[in-house]
Amino acid sequence: MEFRKCSRCGSFYVTDGYVCPKCSAKDNLEFSTFKNYIKENGMQDNLEIISGETGISVKNLNRFLDYQNLDNLIGNNINPTVENSINNRNGINLG
């Protein structure tokens, strides 16, 4: 276990995971909503459109894109703008 800062609310907590126990349920619901959106629509839309359609903030969508288990869902069906955003966060230089 580590001392961490919640990526949703900014509170400090001691546990495994990306968010504090208080934010965990909402985070899981939003992540599930995002995964379902990807399954139904792919990643052809930019994050602002996805945010508007799902009600999930762009900040949290960006955080969800860092999760390793999204790789199988996204595959090659991704908007180039979103792909560049992911690659830049992960330190991949495309050009």
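Is Glu 30 buried or exposed? In this predicted model, for which local features need pLDDT of at least 70, side-chain atom pairs count only at pLDDT 80 or more, and totals for chains, interfaces and linings use all residues, Glu 30 has a relative accessible area of 11% and is buried. Residues are numbered from 1 along each chain as its sequence is written, and side-chain values use heavy atoms, with hydrogens and water left out. Buried denotes under 20% relative accessible area, exposed over 50%, and partly exposed the range in between, with a 1.4 Å probe and protein chains only.

Glu 30 belongs to helix α1, which spans residues 21–41. Helices (H or I, at least four residues) and strands (E, at least two) are DSSP runs numbered from the N terminus. When neighbours within four places in sequence are set aside, Glu 30 is in contact with Arg 8, Ile 56, Asn 60 and Phe 64, where contact means heavy atoms within 4.5 Å. With the side chain of Arg 8, the side chain of Glu 30 makes a polar contact of 2.9 Å. A polar contact is a pair of N or O atoms within 3.5 Å; within protein, one atom must be able to donate a hydrogen and the other to accept it, and residues adjacent in sequence count only if both atoms are side-chain atoms.

Side chains of opposite charge can pair when their charged atoms come close. Under the criterion of a side-chain nitrogen of Lys or Arg within 4 Å of a carboxyl oxygen of Asp or Glu, the model has three salt bridges. One of them is formed by Asp 27 and Arg 8, with the closest N and O atoms 3.0 Å apart. This pair links distant parts of the chain, since Asp 27 is in helix α1 and Arg 8 is in the loop between β1 (2–5) and β2, 19 residues apart. Both Asp 27 and Arg 8 are buried.

A salt bridge also joins the side chains of Arg 8 and Glu 30, at 2.9 Å from N to O. Here too distant parts of the chain are linked: Arg 8 lies in the loop between β1 and β2, Glu 30 in helix α1, and 22 residues separate the two. Arg 8 and Glu 30 are both buried.

Arg 63 and Asp 27 form a salt bridge in which the closest N and O atoms are 2.5 Å apart. Arg 63 is located in helix α3 (residues 58–65) and Asp 27 in helix α1, so this pair ties together parts that are 36 residues apart in sequence. The relative accessible area of Arg 63 is 12%, and this residue is buried; Asp 27 is buried as well, with a value of 4%. Through shared partners, the salt bridges join Arg 8, Asp 27, Glu 30 and Arg 63 into one network.

Helix α2 covers residues 47–54 and includes Thr 54. Thr 54 has 18% relative accessibility and therefore counts as buried. A polar atom of the Thr 54 side chain lies 2.8 Å from the backbone oxygen of Ile 50, and a polar atom of that side chain lies 3.3 Å from the backbone nitrogen of Ile 56. Not counting residues up to four places away in sequence, Thr 54 touches Thr 33 and Tyr 37.

Glu 53 is also placed in helix α2. With a relative accessible area of 54%, Glu 53 is exposed. The side chains of Glu 53 and Tyr 37 are joined by a polar contact of 3.1 Å. Along the chain Glu 53 and Tyr 37 are 16 residues apart, and their C-alpha atoms are separated by 8.9 Å.

A disulfide is a covalent bond between the sulfur atoms of two cysteines. With a disulfide taken as a pair of cysteine sulfur atoms within 2.5 Å, the count is zero. For Cys 9, the closest cysteine sulfur is that of Cys 23, at 3.7 Å, which is too far for a bond. For Cys 23, the closest cysteine sulfur is in Cys 20, at 3.7 Å, again too far for a bond. Cys 9 counts as partly exposed, at 35% relative accessibility, whereas Cys 23, at 10%, counts as buried.
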